[in-house]
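Reader: I have a chain open on my screen and would like to go through it with someone. Can we start with the overall picture and then pick out some residues?

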Amino acid sequence: MKRNLYNKIVENIYQSSLEKEHWDSTLASIAQALDYEGIAIVPDDQEETLLKISSSTNKQSDFEYYNHYISQNPMRTFSHLYKGKQIVISDLNYISKEQMAKSAYYVDFLNKYECAYSERLHISEKNVSCTIAAQRGLKYLNRDTPPELTIDLFSNHIKMSLLFLKKMNLDNSLNYKLSGLYDRMDFGVCLITHDKKILFLNRSIQENQNDLFYVSKDNIIFYSNHNENLWRKLLNSKKDSISSNIHSEMTTFIDKNNHKILARIMPLPTIIADHFGTTARCQMVFFYDLKPSQNNIIDLLRSLGLSHSEAQLAQRIGHLETLKESAQNLCISYETARSSLKKIFSKLNINTQNELVSLVTKLSFIR
């Protein structure tokens, strides 16, 4: 093979690790260079979707091959022969022409596209385990003209590119993105789908054993029926009036040790839904103080996202001070207090001082 062609194909292989859609044309170019009719990458795990990649020289996205390989291919019964071996194995080494004549895999698929048999190379590396399967044309059926080049010529490059593809997919997955945003929080963050299933739990919930609930499969199960009923009521809470503002509801759970835990639910903000590609019908639930602590109201307000100075102002207004009185007591100007109050409203997703008073009152019970 000419060096320039080889280098170009290698370049395309690594480009495919960044764009999965690029694999179709890349596999087609490899097939053409190595005199295959088509090539498929078939993951060992049938539930794996990322590595279901195939192509041919005369058409693109040839997933029909993948389906036949999974359901009818007799070579799957010989998987122990090639797993763990970095060698190319041909059907003709193990399947007779009589068996081929009786196999739906060969009759319905390979012959349909003028293919005689497949050559396979198994790849197993870290979190990639798959088979590269390439189909030879009818002219190779009697092996009068054995192929000069086989798929192992590019196997190491394909393996590395698949590893990159898996890593890129992991780094861009929903869980990875949400973890980067919420794992740093010292309170629990949970995303619930519209059918009440868990979409995401941050590290604070996953790593902290508590006396309030446990996680089973995709559900949060509370230890007491009372808390379970509160949880269902919280998930089903609706806003009474139509408004463009984000609505949130809160409730207070009591664990086995009579420790009060605040939970707050709100719709997933549109900006997060757009950025992470999640459905806007998801809800976010925040659990504050899952573990007993000596937090005061300032600390609890800061856990809701306020700065220390904003928490001080919110506490005073929550205790029924006027904005002017709070500004004087905190030794700040009235205009600064007004500006801070707007930020407080925005961060807490509330609109009035009465709502702030209600929130601080609820936090008082937790303290």
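This is a predicted model: local features need pLDDT of at least 70, side-chain atom pairs count only at pLDDT 80 or more; totals for chains, interfaces and linings use all residues.

Reader: Now Ser204. Where is it found, and is it buried or exposed?
Author: Ser204 is in helix 9, residues 203-207. Its relative accessible area is 10%, and buried means under 20%, so Ser204 is buried.

Reader: What is Ser204 in contact with, leaving aside its neighbours within four places in sequence?
Author: Met185, Asp186, Phe187 and Gly188.

Reader: How far is Ser204 from Phe287?
Author: They are 83 residues apart in sequence, and their C-alpha atoms are 9.4 Å apart in space. Phe287 also belongs to an aromatic cluster, together with Phe213, Phe222, Trp231 and Phe253.

Reader: How many aromatic pairs does a search of the whole structure find?
Author: It finds 13. One of them is Tyr182 with Phe200, a tilted pair with 6.4 Å between the centres and 45 degrees between the planes.

Reader: Which parts does that pair tie together?
Author: Tyr182 lies in helix 8 (residues 174-182) and Phe200 in strand 7 (residues 198-201), so the pair links parts 18 residues apart in sequence.

Reader: Are those two buried or exposed?
Author: Tyr182 is buried at 7% relative accessibility, and Phe200 is buried at 2%.

Reader: Different topic. Which charged residues lie over the face of a ring?
Author: Arg136 lies over the face of Tyr140, 5.2 Å from the ring centre. Lys256 lies over the face of Tyr223, at 4.0 Å from the ring centre.

Reader: Last one: which residues form a nonpolar patch on the surface?
Author: Met1, Leu5 and Leu153 form one, with about 240 Å² of accessible area together. Leu153 is in the loop between strand 5 (128-137) and helix 7 (155-171).

Conventions
Residues are numbered from 1 along each chain as its sequence is written. Side-chain values use heavy atoms; hydrogens and water are left out. Helices (H or I, at least four residues) and strands (E, at least two) are DSSP runs, numbered from the N terminus. Buried means under 20% relative accessible area, exposed over 50%, partly exposed in between (1.4 Å probe, protein chains only). Contact means heavy atoms within 4.5 Å. Rings of Phe, Tyr and Trp (its six-membered ring) pair if their centres lie within 6.5 Å; planes under 30 degrees apart count as stacked, over 60 as edge-to-face and the rest as tilted. A charge sits over a ring if NZ of Lys or CZ of Arg is within 6 Å of the ring centre and within 35 degrees of the ring normal. Patches are made of residues with over 30% relative accessible area and no salt bridge: like charges are joined within 9 Å, nonpolar side chains (Val, Leu, Ile, Met, Phe, Trp, Tyr) within 5 Å. Accessible areas come from the Shrake-Rupley method with a 1.4 Å probe; for residues, only the protein chains shown count as cover. A salt bridge is a side-chain nitrogen of Lys or Arg within 4 Å of a carboxyl oxygen of Asp or Glu.
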